[in-house]
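This briefing is arranged by topic for a reader working with the coordinates. Please consult the sequence and model shown below alongside the text.

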Amino acid sequence: QHRTLPGHLGYDPASNLRMPPTRIVLGMSAVMLCARGALALDPVLVPAWSGPIPDPSKPLAGLKQVPGFEATRVYKATPALGTYNHAAMILLHDDQLLVTWKNGVRDEDSPGQRVMYSQSTDGVTWTPSDGSNIMFPNMSTAANPAHLFAGPPIVLNGRVYASASPKQFCLFPDQYQNQLLLRRVYTNTTMLLGSPFWAASTIPAGFEEASKLRGVVTSNMMDSQTIADVALLTANATDPPCAASLQKDHSNKCEACRGACQDWDATLWLNLANERTHYVTPQGVDVMLYRSRERLLFASTRQGGAAGDWSKIVKSGIPDIDSNINAGTLPDGRTFLVSNAVPGAKIRDPLTIATSKDGTTFGDAAVAISCTELKPGGSSSDPCLPAYAGGAKEPGPSYPQAAVIQGWPGAKDGLYFVVTNNKEDVWVVRLPLANF
């Protein structure tokens, strides 16, 4: 889902220039694209890229591989279970890793697409993906063809919930909450789930038949504890739905914004995708990075926390191949960005990691993983080509979502990220924290 941007600031992505951070002063007539709708008066800090642009003509785009990486395949695509698998999510809570992803028969975002899951207590051994691991079932009917997206797992009052929706979203609070599906994931054991339900008091229009067939009810039909948990999903909640994980387990994906993230429906920008990441700089500035077709990420910032206003969306200096992204904070205070930062590449490879000391200027880019380092997922002998035919099957590892893990009993410390290769196989990769 992209929107066209009529005018922007930046540079030619084909050039190999280093881009210093930029401050842009917006005048009184510059309207803020934000949930609060105020005017922009303060300088806007634009994220930048301080190193050379990765070169796709060179092996691994001219970058070095992070040494000591470990890659584990969570799911292997098969015709029996679905050869399209993509957009995975990850969460660590109560010493248990949860991974969810969208799963389809063959083509991307086709009717019947559901959400699967797997769990691990050590980051290496994962519960089986044999067809019994359905987190959210097929919610499509002949009258209402639909496909589900895996949403970020969340922690509400200390309890883990997986999420999904027929509308793509990346950040909480979810502007499409009237179409949000939740399901309790018990963490004292594996493969023990509650019943799926809509996080609203009414079934979304068109989903009445599927809900009846699948036994999916509304939140007000759940137990009192679940009702209390769902009540936390508001922009003004004292603790965002992933605050517990951010503080205790260093799981970054949920990325909730206090006082609401920038409202996607209010941005009115085209050529951008509703695939974005949110982080906070060491100086306390909120930053939102957006995927775009410009082969550069776009950015908006907010100073003053929940009481501040989001700035106008502008072009950053960070290269990208037009794919999903994930950023967060490392234990030493640096900001990390995992993405396909190779704008001239023919496929989404390699997946890169870049870091920033100030949360603004990213440098020291390296290869997080390449398809050349992943085993083939099916009948193909080439790990950089899909093993099965299907619509929108871009090759290579993409759509990373990460969790920083330290002090986990039975597991190694590291930056763990989930990724799909060729939109078929689901992998979890660990990067040692001291090696990048």
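A residue is called buried under 20% relative accessible area, exposed over 50%, and partly exposed in between, with a 1.4 Å probe and protein chains only. The model is predicted: local features need pLDDT of at least 70, side-chain atom pairs count only at pLDDT 80 or more, and totals for chains, interfaces and linings use all residues. Residues are numbered from 1 along each chain as its sequence is written, and side-chain values use heavy atoms, with hydrogens and water left out.

**Confidence**

- The predictor's confidence in each residue is given as pLDDT, from 0 to 100; the mean for the protein is 85, and 83% of its residues reach 70 or more.
- Over residues 1-20, pLDDT stays under 50, and the model has 57 contacts (heavy atoms within 4.5 Å) beyond four places in sequence for this segment.
- Residues 22-42 also have pLDDT under 50 throughout, with 45 contacts beyond four places in sequence.
- Where pLDDT is low, predicted coordinates should not be read in detail.

**Overall architecture**

- The protein has four helices and 24 strands; helices (H or I, at least four residues) and strands (E, at least two) are DSSP runs, numbered from the N terminus.
- Of the 436 residues in the protein, 59% are buried.
- Among contacts between residues at least 6 apart in sequence, 57% join residues at least 24 apart.

**Nonpolar cores**

- A nonpolar core is a set of buried Ala, Val, Leu, Ile, Met, Phe, Trp, Tyr and Cys residues joined through side-chain atoms within 4.5 Å.
- The largest such core has 25 residues, of which Ile 154, Phe 172, Leu 180, Leu 182, Leu 233, Met 288 and Tyr 290 touch the most other members. Strands β9 and β15 (286-292) each supply at least two residues of this core.
- Another core, of 22 residues, lies apart from it and includes Met 89, Leu 91, Ala 146 and Ala 210.
- In soluble globular proteins, nonpolar side chains tend to be buried together.

**Cysteines**

- With a disulfide taken as a pair of cysteine sulfur atoms within 2.5 Å, the count comes to one.
- This disulfide joins Cys 371 to Cys 384, with an S to S distance of 2.0 Å. The torsion about the S-S bond is about 100°, so the disulfide is right-handed.
- Both Cys 371 and Cys 384 lie in the loop between β21 (361-369) and β22, so the pair ties together parts that are 13 residues apart in sequence. Cys 371 and Cys 384 are buried.
- Cys 170 is in no disulfide, the nearest cysteine sulfur being that of Cys 261, 10.0 Å away. Cys 170 is buried, at 5% relative accessibility.

**Backbone features**

- Asp 349 and Pro 350 are joined by a cis peptide bond, with omega about 0°. Pro 350 sits in the loop between β19 (335-339) and β20 (351-356).
- Asn 157, a residue other than glycine, has a positive phi near 55°. Asn 157 is placed in the loop between β9 (149-156) and β10 (159-165), and its 43% relative accessibility makes it partly exposed.
- Tyr 399 likewise has a positive phi, about 60°, although it is not a glycine. Tyr 399 belongs to strand β22 (residues 397-405) and is buried, with a relative accessible area of 6%.
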